[in-house]
Amino acid sequence: MKRTLIAALLMASAAPAMGQSSQPQAQDDPARVEAVTALDELSARLRTLDQFEVNVNATTEEVFTNGEKLQFLNQVRYVVDRPDKLYVSVRSDRKYRRIYYNGSNLTVTAPTTAYYATVPMTGSIHDLLVKANDQFGIDVPLEDLFLWGIDGVPKPVLTEAFLVGFAQIGDYATDQYFYRTAGVDWQIWIGRDDKLPYRMVITNTDDPAQPTYSASLTWNLAPNESGDPFTFTPSSDYKLVPLRPDQLASAN
Amino acid sequence: MKRKFLTILLAGLVSTSLAMPTETFAASNRGQAKQSVNRAGAKKPQNPPRRNVYQTNNRPNNAGNRPNNRPNNNRPNNRPGNNKVVAGNTVVVNHGVDRNYHGSYYNDYHHGHWDDHDDDFFDTLGTAVAVTAGVGLTAAVIGEIFEDEPDDCQQSVHYGQTYLYCNGVWYQPTMAGTNMQYVVVEAPR
């Protein structure tokens, strides 16, 4: 009797969109509407941040021919000063890069081997990310933090969206949401008080092994960087190399 | 005492590498996690170089040493992201096992951290050419792209650009996306 009751309660509390048939989620499904609203609020919140620093601790996965899925660690740090200053450091055991943009120049450095490359560049952070990708094939993790809520950036077409439930992440009370679009499933844990993302899990559904990028985010909304973190001044051991334009139309 | 230890260590590593099986399993990277939902531009990212996974049951388990030994620290590449060795176009600009071995030991792991080899952690020992090419230098092809920094390089700067001169071959290091590439070039004048 007790076991049946518990089972019934568990089934009743399961996220409503799961376990259903393969019907697409209705556009006016309340669960979907709520989740879409949450994403919009998150995007709006991100747009209000003019100066901030985010530290990301993440794992990423790569899949090999026979489906071996290997996990690697990486750490990312962003320092942002809108509209047109960005510093990104992306570090893993095998690759360490720092990207500097100060509104006039884009510089990419490889600190471990002391190479750097620089090109003139102007525009907002969004412009930078577009040009860096189009012209040089450069991109940075969690670009969505800079793209969501920007006018003119197409919103992903969601085939599914719903609230998963409450999650406590350290000191922060968050709500976990699931979203699905073609090729990607993602989950965001959004802080209840501040509408900031504290965790993001991005799953590549183009590959059957579904390699996933899982990131914990730590926010600092009052960064006090000494000096200019957005301009790279090479020390004498840094060697200048050219930044190669990306000529491959669909670089693998 | 230290030198003797080092000699024994190197001898142990070299002999282990000679004991490596010739039959190897190699797999290529077929996919990876997307690190963003949206992408700013139209291009897909320049993926990290395709790499092969080397698997063996005979791998030595030396604490603090690389688990796989590298007789050849260089892999020729004809296109960024493509690790395939094209028959007839092989360039082995590195040397016999001894020298490679020594170079690999010093380049790859020291002071408690990996050197930055741009995602080149897994090596391809399955490429018969690299293993059997043996000692000596064959002609380098101008424009050929390598993903690893070659061994035994001297750096120089000409007209503001950095060049590496390694075992008779000139390279220009370049950054493609965020991946380092070493392109064989003519000697700068």
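**Exercise 1. State the burial of Tyr116(A) and Phe232(A), then describe their ring pair.**

Step 1. Tyr116(A) is buried, and Phe232(A) is buried too. Buried means under 20% relative accessible area, exposed over 50%, and partly exposed in between, with a 1.4 Å probe and protein chains only.

Step 2. This is a predicted model: local features need pLDDT of at least 70, side-chain atom pairs count only at pLDDT 80 or more, and totals for chains, interfaces and linings use all residues. Residues are numbered from 1 along each chain as its sequence is written, chains are lettered from A and ligands numbered from 1 in the order in which they are written, and side-chain values use heavy atoms, with hydrogens and water left out.

Step 3. Apply the ring rule. Rings of Phe, Tyr and Trp (its six-membered ring) pair if their centres lie within 6.5 Å; planes under 30 degrees apart count as stacked, over 60 as edge-to-face and the rest as tilted. Over all chains, this rule gives 17 aromatic pairs. One of them joins Tyr116(A) and Phe232(A): tilted, 5.4 Å centre to centre, with 55° between the planes.

Step 4. Tyr116(A) lies in strand E6 (residues 115–120) of chain A, and Phe232(A) in the loop between strand E11 (212–220) and strand E12 (239–240) of chain A, so the pair ties together parts 116 residues apart in sequence. Helices (H or I, at least four residues) and strands (E, at least two) are DSSP runs, numbered from the N terminus.

**Exercise 2. Describe the pair of Tyr116(A) with Tyr238(A).**

Step 1. The pair is edge-to-face: 6.3 Å centre to centre, 70° between the planes.

Step 2. Tyr116(A) sits in strand E6 of chain A and Tyr238(A) in the loop between E11 and E12 of chain A, 122 residues apart. Both residues are buried.

Step 3. Ring pairs link Tyr116(A), Phe232(A) and Tyr238(A) with Tyr87(A) and Tyr100(A) into a cluster.

**Exercise 3. Which ring face does Lys239(A) lie over?**

Step 1. A charge sits over a ring if NZ of Lys or CZ of Arg is within 6 Å of the ring centre and within 35 degrees of the ring normal.

Step 2. Lys239(A) lies over the face of Tyr115(A), 4.5 Å from the ring centre.

**Exercise 4. Is Ala114(A) buried or exposed?**

Step 1. Ala114(A) lies in the loop between strand E5 (105–110) and E6 of chain A. Its phi is near 60°, a positive value in a residue other than glycine.

Step 2. Ala114(A) has 9% relative accessibility, so it counts as buried.
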